[in-house]
Amino acid sequence: MFKSKLMKAAMSFALLGTLIAIPPISPVSAADASCPNGYVALTFDDGPTNNTNNILNALKQAGLRATMFNIGQNSQNNQSLVRAQVSAGMWIGNHSYTHPDMTKLNSSQMASEISRTQDTIRSITGSSPKLFRPPYGATNATLKSVISQNGLREVLWNVDSQDWNGASASQIVAAVNRMASGDVILMHDQYQTTLQAIPQIAQNLKNRGLCAGMISPSTGRAVAPDGGTTNPPAASVKVEAENMTKSGQYASNISSPFNGVALYANNDAVRTTTNFTSGTHSFALRAASSNANMARVELRIGGQTKGTFYYGGSSPAVYTLNNISHGTGNQVIELIVTADDGTWDAYLDYLEIS
Ligand SMILES: [Zn+2]
């Protein structure tokens with residue numbers, strides 16, 4: 001962390017606090033020719049459980065991303081599974097801390113269920129959920145107001161897979177077959193039937209020109225994934241840093257020396273998810289140091305460190321890491337500062353994958 005920038009970051013956070021009414025800016029998503037009929041959202045409630053790794057492996061193998069509405073105490077007790085959810089490219093929502101019928105609680109009990117879960121997931125992943133799903137879909141006006149006071153969006157569902165009610169794998173796939181663009185389906189983390197349905201869910205969506213997307217925190221509907229999620233890089237794919245997901249204490253957008261993101265301190269990071277069909281690519285990052293000191297930005301793919309980008313001064317430059325081996329399917333690509341010694345900040349413009 002470079003000192004004057006710490007002040008600047010602290011000031012912009014103070015300002016943000018007074019402007020809570022401003023909705024998050026929707027990142028521009030690349031049009032995807034394989035999704036002509038739009039996006040639907042797959043959701044898995046009540047995890048993490050001892051079935052989570054199976055669900056994640058099946059989703060990754062099928063090239064699907066989903067929203068996992070985690071129970072706070074399950075997350076606290078299974079932190080590595082929560083990290084595995086993020087590494088697999090899933091989004092994490094808040095499903096209360098102890099899974100009560102929230103409508104039977106008073107407003108301070110409601111707030112506690114929600115905020116304990118926010119704190120737990122943030123401490124594990126570095127980011128706070130933006131979505132809340134009440135257990136059993138049970139909600140009322142008091143709960144809705146507590147949810148919005150916590151900066152969250154309530155998300156129920158349009159289609160119920162009935163996996164919790166003994167539906168077979170084929171009945172779950174039949175429920176997916178009823179989904180149209182924008183719809184959200186309710187499924188659960190812990191059932192073998194749900195796990196068995198995943199390959200056929202992928203096939204059904206593909207047949208109908210639909211893709212699995214994220215849930216918009218502003219509308220609660222399914223939309224294209226953010227962060228420049230792309231299909232396999234054909235020639236090359238460029239992801240603007242400001243369209244990636246930020247995490248860490250100080251990471252924030254900048255408009256000089258380019259539109260991008262500044263990483264001010266260790267663990268400040270941006271990430272995006274890309275679906276790779278082959279396991280070797282080159283990664284070119286345009287970036288700069290805040291001053292004459294050497295700025296260092298680490299490249300991680302699927303949670304593994306793959307190399308370091310170096311920027312020897314304040315003029316923006318492109319530095320390329322060639323022939324990087326990585327996993328296939330959905331992979332989280334992260335640009336993170338880990339070697340900050342207090343003398344520089346890193347400014348990121350874009351990442352180009354080829
Ligand atoms: Zn539940």
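Reader: How many aromatic pairs does the count come to?

Author: The count comes to zero aromatic pairs. Please bear in mind that this is a predicted model.

Reader: Then what sits over the ring of Y97?

Author: The charged end of R116 does, at 3.9 Å from the centre of the Y97 ring.

Reader: And how far is I114 from Y97, C-alpha to C-alpha?

Author: The two C-alpha atoms are separated by 6.7 Å, while the residues are 17 apart along the chain. I114 belongs to helix α5. Its relative accessible area is 0%, so I114 is buried.

Reader: Let us move to the metal. Which residues coordinate the zinc ion?

Author: D46 contributes through OD, and H95 and H99 each through NE2, at 2.0 to 2.1 Å. Along the sequence, the spacing of these donor residues reads D-x48-H-x3-H.

Reader: Which parts of the chain do D46 and H95 tie together?

Author: D46 is in the loop between β1 (39-45) and α2 (52-62), and H95 is in the loop between β3 (91-94) and α5 (107-125); the pair therefore ties together parts that lie 49 residues apart in sequence.

Reader: Are D46 and H95 buried or exposed?

Author: Both D46 and H95 are buried. For D46 the relative accessible area is 12%, and buried means under 20%, so D46 falls in that class.

Reader: What about the backbone of D46?

Author: D46 has a positive phi of about 80°, although it is not a glycine.

Reader: Now the charges. How many salt bridges does the structure hold?

Author: It holds six salt bridges. One of them is formed by the side chains of R133 and D45, at 2.7 Å from N to O.

Reader: Which parts does that pair tie together?

Author: R133 is in the loop between β4 (131-132) and α6 (141-149), and D45 is in strand β1, so the contact ties together parts 88 residues apart in sequence.

Reader: Is R133 buried or exposed, and what of D45?

Author: R133 is at 0% relative accessibility and therefore counts as buried. D45 has a relative accessible area of 2% and is buried too.

Reader: And the salt bridge of R221 and D183? How far is N from O?

Author: In that bridge the N to O distance is 3.5 Å. The pair links distant parts of the chain, 38 residues apart: R221 is in the loop between β9 (214-215) and β10 (222-223), and D183 is in the loop between α7 (169-176) and β7 (184-188).

Reader: How accessible are R221 and D183?

Author: R221 counts as partly exposed at 35% relative accessibility. D183 is buried, with a relative accessible area of 12%.

Reader: Which residue forms a salt bridge with R300?

Author: E298 does, and the closest N and O atoms of the two residues are 3.0 Å apart. R300 counts as partly exposed at 23% relative accessibility, whereas E298 counts as buried at 12%.

Reader: Why are R300 and E298 classed as they are?

Author: Buried means under 20% relative accessible area, exposed means over 50%, and partly exposed is in between. R300 is therefore partly exposed at 23%, and E298 is therefore buried at 12%.

Reader: Last, the surface. Which residues make the nonpolar patch?

Author: M294, Y310 and Y319 make a nonpolar surface patch of about 270 Å². Y310 lies in strand β18 (residues 304-311) and is partly exposed, with a relative accessible area of 37%.

How values were computed. Residues are numbered from 1 along each chain as its sequence is written. This is a predicted model: local features need pLDDT of at least 70, side-chain atom pairs count only at pLDDT 80 or more; totals for chains, interfaces and linings use all residues. Side-chain values use heavy atoms; hydrogens and water are left out. Donors are N, O and S atoms within 2.8 Å of the metal (3.2 Å for Na, K and Ca); water is not among the atoms, so sites may look incomplete. Helices (H or I, at least four residues) and strands (E, at least two) are DSSP runs, numbered from the N terminus. Buried means under 20% relative accessible area, exposed over 50%, partly exposed in between (1.4 Å probe, protein chains only). Patches are made of residues with over 30% relative accessible area and no salt bridge: like charges are joined within 9 Å, nonpolar side chains (Val, Leu, Ile, Met, Phe, Trp, Tyr) within 5 Å. Accessible areas come from the Shrake-Rupley method with a 1.4 Å probe; for residues, only the protein chains shown count as cover. A salt bridge is a side-chain nitrogen of Lys or Arg within 4 Å of a carboxyl oxygen of Asp or Glu. Rings of Phe, Tyr and Trp (its six-membered ring) pair if their centres lie within 6.5 Å; planes under 30 degrees apart count as stacked, over 60 as edge-to-face and the rest as tilted. A charge sits over a ring if NZ of Lys or CZ of Arg is within 6 Å of the ring centre and within 35 degrees of the ring normal.
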